[in-house]
Amino acid sequence: MNHRIVRLSSGEEILCELLVTGDSYLLKEPAIIIPAGDGNIGLAHWLPYADNKVVTISKKFVVFVVEPVPQLDSNYNAMMSKIVLPQVKEIVTA
């Protein structure tokens with residue numbers, strides 16, 4: 001995938017699949033990165049009340065674009081996945 005972190009001039013950092021078209025960016029399935037304290041971060045759907053899953057942003061509102069670290073990318077994939085995995089139970093031996 002082409003996942004990127006997009007920093008907007010508003011200060012929001014959005015993790016998404018990024019497509020470039022002329023003078024704008026297309027943010028597919030965007031998730032906002034939220035500081036959660038103690039050095040942790042969280043992800044939440046960005047614009048969850050919008051019907052479309054692709055948001056067009058003018059390049060003039062983008063400060064920078066970077067690649068996410070692998071763990072954040074993995075968490076994003078799990079969040080956007082339509083597959084629900086069962087919890088893994090521990091095997092206890094006597």
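Ser24 counts as buried, since its relative accessibility is 12%, which falls under the 20% limit used for that class. In this predicted model, Ser24 has its place in strand β3, and, once residues up to four places away in sequence are set aside, Ser24 touches Leu19, Thr56, Ile57, Ser58 and Lys59.

From Ser24 one can turn to the strands themselves. β1 (3–8) and β2 (13–21) run antiparallel and are joined by five bridges, with His3 standing opposite Glu17 in β2. These two strands form a hairpin with four residues between them, and Gly11 in the turn has a positive phi of about 100°. β2 is also joined to β3, again in an antiparallel arrangement, by seven bridges, and here Leu15 stands opposite Ala31 in β3. The hairpin of β2 and β3 has two residues between the strands, and Gly22 in its turn has a positive phi of about 55°. In a regular strand the side chains alternate between the two faces of the sheet.

The largest nonpolar core is made up of twelve residues, namely Val6, Leu8, Ile14, Cys16, Leu18, Tyr25, Leu27, Ile32, Trp46, Val55, Ile57 and Val62. At least two residues of this core come from each of β1, β2, β3 and β5. Another core, of seven residues, lies apart from it and includes Ala31, Leu72, Tyr76 and Met80.

Leu47 lies in the loop between β4 (40–45) and β5. Is Leu47 buried, exposed or partly exposed? With a relative accessible area of 27%, Leu47 is partly exposed, because the value falls between the 20% and 50% limits. The C-alpha atom of Leu47 is separated by 8.9 Å from that of Ile32, although the two residues are 15 residues apart along the chain.

The last feature to consider is the empty space. Rolling a probe the size of a water molecule over the atoms shows where such space is left. The largest pocket has a volume of about 220 Å³, and of the 15 residues that line this pocket, Glu29, His45, Trp46, Asn52 and Lys53 are the closest to its centre. β3 (24–37), β5 (54–58) and α1 (70–80) each supply at least two residues of the lining, which by class has nine nonpolar, two polar and four charged residues.

Key
Residues numbered from 1 in each chain as written. Predicted model: local features only at pLDDT ≥ 70, side-chain atom pairs only at ≥ 80, totals over all residues. Heavy atoms only, no water. 1 Å grid on protein atoms, 1.4 Å probe; cavity = no way out; pocket = protein on both sides within 12 Å on 5 of 7 lines; lining within 4 Å. Points joined across faces, edges and corners; volume = space filled by probe spheres on them. Nonpolar A, V, L, I, M, F, W, Y, C, P; charged D, E, K, R; others polar. Core = buried A, V, L, I, M, F, W, Y, C linked by side-chain atoms within 4.5 Å. Buried < 20%, exposed > 50% of the residue type's maximum accessible area, 1.4 Å probe, protein only. Contact = heavy atoms within 4.5 Å. Pairing = 2+ DSSP bridges.
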